[in-house]
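This report covers the strand pairing, the sheets and the overall dimensions of the model shown below.

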Amino acid sequence: MRFNCLRTNLSNAVSNVSRAVAAKATLPALEGVLIKAFDSQLEISGYDMEIGIVTRIDASVIEEGEIVVSARLFNEIIRKLPNEIVNIETDDKMITYINSGSADYQIVGMNSSEYPELPNVEAVSSLTVNAELLKNMIRQTVFATSDNMAKPIYTGSLFEIKEGLFKIEAVDGFRMAIREENVESDIEAKFVVPGKTQNEILKLITDNKKDVDIIVGQRHIIFKIENYSIISRLLEGNFLDYKMPSAASTEFVINTRVLASSVERMALLTNEKIQSPVRCSISSEEIKLSCSTAVGRANDMIAVSVIGNEMEIGFNNRYLLDALKNADTDEVKVMLNGSLQPMIIRPVSGQSFTFLVVPMRLAAE
């Protein structure tokens, strides 16, 4: 194999693809990137048996071929080369020669036959979504996925398309995030995408004006983002089917930033070792917030018009803040049904997003 290409293009491609490379693997090839040179292109792949990222860049290919090289080492070398033109050549012994300006490297590669094949995804259904819309929907829900592998299904988000409504739902047992939008599609599909895959999608969407093609197979899914393809396994299992209450015994509309700032002030007395709920005492004209820990006590008050019952309820400050920070409206509607039922946060009009936060039991003061 022999080719030359632009260092910047190669560096960006290897850096992005390397995020799908296994840090430690029983199969050494999985710690590398697969490079294929053919026609006037390079195809570069990273794969950890769960998620794969593939891209193509332009190159001047003198001799076609393919090889696997250490992702970490190759990435560092390309990133620090002195010139913009990179010349790369391999020999029969899998030695890879890298030249750019005055810099020369020789690194040991691996035969491409040792690299596992990426899944061949046969489309069951497909969907095209605006990149900015998909990015916002994932950003506003992925924070609520679980990191507990005891229930793998909740380490991902449920994607559902039905009757032109596209919905993403995530839950971790302490909070839930739901985002929905109307799309131009007549397909009906339901599948669970790992949180890791969604985070890679967020990183690769740079041009929000373009579309993302989503190809859904039986066990895998492909997201095509510009010149990148993310191939991911789908999670199997039964996702939570939660029924939203149709009414609330207590509700109010509040400025999102004002409430978030108040919760942040209460959270100054907590950390990973010192946990205590933010206590919310809700009356007809105000919300009193307080937090008491071993290091001190904090109090705050927000004037707000409350409809319904007065009540007292407590929350984990981080879970409540995650919901408020991912609300994309200046004001939110907060709905409650007693001190032991989840808080529901929605836009003032419509329900493009819905956040649920499970309360914490309060000790008597």
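Met94 takes a positive phi near 70 degrees in the hairpin of strand 7 and strand 8, which has four residues between the strands. Strand 7 (residues 85-90) and strand 8 (residues 95-100) run antiparallel and are joined by four bridges. Ile88 has Ile98 of strand 8 opposite. Strands (E, at least two residues) and helices (H or I, at least four residues) are DSSP runs numbered from the N terminus, and two strands pair if DSSP finds at least two bridges between them.

Strand 8 also pairs with strand 9 (residues 103-108), in the antiparallel sense and over six bridges. Asp104 in strand 9 stands opposite Asn99. The hairpin of strand 8 and strand 9 has two residues between the strands, and Gly101 takes a positive phi near 60 degrees there.

## Basis of the values

This is a predicted model, in which local features need pLDDT of at least 70 and side-chain atom pairs count only at pLDDT 80 or more, while totals for chains, interfaces and linings use all residues. Residues are numbered from 1 along each chain as its sequence is written, and side-chain values use heavy atoms, with hydrogens and water left out.

Nine strands form an open sheet with antiparallel pairing, in the order 14-11-12-13-26-25-24-18-22. Strand 14 (189-194) and strand 22 (306-308) are at the edges; each has a single partner strand, so one side of each lacks a neighbour in the sheet. From one strand to the next the twist averages 15 degrees; axes are lines fitted to C-alpha atoms, for helices over the stretch in contact, and angles run from 0 to 180 degrees between N-to-C directions.

Helix 3 (residues 131-139) packs on this sheet and touches strand 11, strand 12 (165-171) and strand 13 (175-182), where contact means heavy atoms within 4.5 Å. The direction of helix 3 makes about 25 degrees with that of strand 12. Strand 11 (residues 156-162) pairs with strand 14 in the antiparallel sense over six bridges. The bridge partner of Gly156 in strand 14 is Pro194.

Strand 20 (residues 286-293) and strand 21 are paired in the antiparallel sense over eight bridges. Asn299 in strand 21 is the bridge partner of Ser290.

## Whole-chain totals

The protein has six helices and 26 strands. Its C-alpha atoms fill a box of roughly 80 × 50 × 35 Å along the principal axes. Of the 365 residues, 52% count as buried, meaning under 20% relative accessible area (1.4 Å probe, protein chains only). Among contacts between residues at least 6 apart in sequence, 66% join residues at least 24 apart.

The protein exposes about 18200 Å², with carbon and sulfur atoms supplying 45% of it; accessible areas come from the Shrake-Rupley method with a 1.4 Å probe. The mean positions of the 37 positive and 49 negative charges are 6 Å apart. Lys and Arg count as positive and Asp and Glu as negative, with His and the chain ends not counted; charges are placed at NZ of Lys, CZ of Arg, CG of Asp or CD of Glu.

Conventions. Buried means under 20% relative accessible area, exposed over 50%, partly exposed in between (1.4 Å probe, protein chains only).
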